[in-house]
Amino acid sequence: MESNRDSLDLSATVRSLRPTPEPEFAARLDARAADGFPRASRSWGSRLVEMADRVRAVPPRRVLAPAGAVALTAIVVATAVVSVTGTDPGNPSVSRFGAAATSPPAADRPAGAGVQHGTQAPVPSSSRAGSNSSSSAGSTLSEFEARSGASWLPSIAPHPSGPYASRANRRDIERSAQIVLGAEPSEVRAGVARVLDAVHATGGIVLRSSIQDGDEGEAGASFELLIPSPRLGDALATFSAIAEVRSRRESTQDITAPTIGVEERLEDSRARIESLLGQLSEAGSDEERAAVEAQLRAERRLAAALRSRLTSLRRRANFSRVSLRIETGAPLAAGRNSSGWGVSDALDDAGRILTIAAGVTVIALAILGPLALIAFLLWLAHRTLARRSRERTLD
Amino acid sequence: MDTESARSKDVDQALAAVAVDAPREADIAFDSLYRSSRDDVYAYVAGLLRDRTAAEEVTATAFERAYRKRSRFDRGRGEPRAWLFGIARNAALDELRRRKRHAELATDPLDGEGAAVADGFEQSERRLAVAAALDRLQPAERELVALKFFAGLSNAEIGRVIGITESNAGTKLNRVVNKLREACDGIE
């Protein structure tokens, strides 16, 4: 009972020692509180601190919506930028939005992939694209060997410069171009004449031509041309001057490796024919002679096939294939059907945009995620250290 | 027609003025907290720091920080007084740390020490003894006394402020009071 009274007395005595603020200080603090605790100085530092305080003072619930909107805007802008620059994740060399196509690095392209250029992109003469023609040539010859029973032929070592023939002294480049000109129906005939004049002037060949008279939309002409490769640029410039250029596409393909490969195989085949002829002259029996002659026939067929293949490759390098069309009426959308832009195109574009948006989001998360984690860990460490430091003050 | 239009305009203007002038919920709550806690915060900080000038600065700083953070306060995480005293505690400990880094300042006498002359002799002696015993307490112990007897916080609020449980706060307080009593007995 006495202990309780002592405790009460002690508590009361301690309470009576309670410090009270000076009236002047209390009045000053009240005034500041009424004014919303204005900051004394207005330096840049204090303004920044004030701004940070304001940002921090916003409840997280209110931050979520604007932050989401900002993130969404950033993704939309990035997607638009990526789309306009024409990078297609599925096909980097083709842009459906009409901008100049971008070519992937040579190392990223499969061997033999050509380089395509839009209307404004000139064809670089030093293109180093690989070639897929070797595979087609190889398969043709393999079939020939299988058919002719020439599997006994010794295998030919690959060209020392590798599958791209990168150490070749000269490059064999196959070029092709597609050009669409727009004209009035009355101008089609004159345009055709100018096309033919241009082909003859460059020493080219008209492989196929088709001219149709009629009203707007019906009248037109189309050509399949072979133009000497050194004069392709001149020819395209002349064609472009004939009428309005609605689209122009050029592509190149490096066929150096298959050309060199076929040349080497042809040389080897000739050497083997010489050797077989020597064996034939020294043959002692009819059976032996018959066997050598069979080998000789097979080898000659192989050499003929290789010569044909080499001629074809050289023609592809020497002559460029040009598809030229003169059309009338409203221009058709490049790369689309004559029915125009439809639901499937819209779905394609939507899917593509969503893919790009997802890619942008993933990249942004990949960059921002670790940064946010590091910032969070630093903040956590700072907070823990500050708390410990404060607690140590009381020890 | 013109009269009706003018009346409608007046009403709209009045409503707009009310909407602009109406203080936000957070401001009202902070104002109430400030009025009810101003002296308590000062008492706690002064009891901990034992320096009136520093206590005034720290009290002002604590209220300013609380004002800036008022929108972030979440009632689900505790009472506003505990939140406010947590801010005041951080500011006071920062001040203590700063003082430790520099020179140790002379401590001001507590209010009761100065008033001792005006009271009865026995009572004044008792106050002096308790004040002397308070001086001998460790800072952490003096903080508990300041939170309990100067600021008037409950054990649960004290636990929230210094980061311990309510029962632990009660135990520690009991220990400090016993120590204080023993010290007073020794002085008397």
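**Strands and helices of chain A**

Student: How many bridges join β4(A) to strand β6 (residues 319-327) of chain A?
Tutor: This is a predicted model, in which local features need pLDDT of at least 70, side-chain atom pairs count only at pLDDT 80 or more, and totals for chains, interfaces and linings use all residues. Residues are numbered from 1 along each chain as its sequence is written, while chains are lettered from A and ligands numbered from 1 in the order in which they are written. β4(A) and β6(A) run antiparallel, with A:G220 standing opposite A:E327 in β6(A). Strands (E, at least two residues) and helices (H or I, at least four) are DSSP runs numbered from the N terminus, and the bridges joining β4(A) to β6(A) number nine.

Student: Which residue of β4(A) stands opposite A:I211?
Tutor: Strand β3 (residues 205-212) of chain A pairs (at least two DSSP bridges) with β4 (residues 220-228) of chain A. Their pairing is antiparallel and extends over seven bridges. Opposite A:I211 stands A:A221.

Student: Are α6(A) and α7(A) roughly parallel or roughly antiparallel?
Tutor: Helix α6 (residues 188-201) and helix α7 (residues 232-242) of chain A pack with axes, fitted to C-alpha atoms over the stretch in contact, 10 Å apart and at an angle of about 170°. Because an angle over 145 degrees counts as such, α6(A) is, relative to α7(A), roughly antiparallel.

Student: Is A:S186 buried or exposed?
Tutor: A:S186 is found in the loop between β2 (173-182) and α6 of chain A, and its C-alpha is 9.5 Å from that of A:T328, 142 residues apart in sequence. Because A:S186 has 11 other C-beta atoms within 10 Å, where 12 or fewer is the cut-off, A:S186 is exposed.

Terms used
Axes are lines fitted to C-alpha atoms, for helices over the stretch in contact, and angles run from 0 to 180 degrees between N-to-C directions. Angles under 35 degrees count as roughly parallel, over 145 as roughly antiparallel, 65 to 115 as roughly perpendicular and the rest as oblique. A residue is buried if 20 or more other C-beta atoms lie within 10 Å of its own, exposed if 12 or fewer, and partly exposed in between; C-beta atoms are placed from the backbone.
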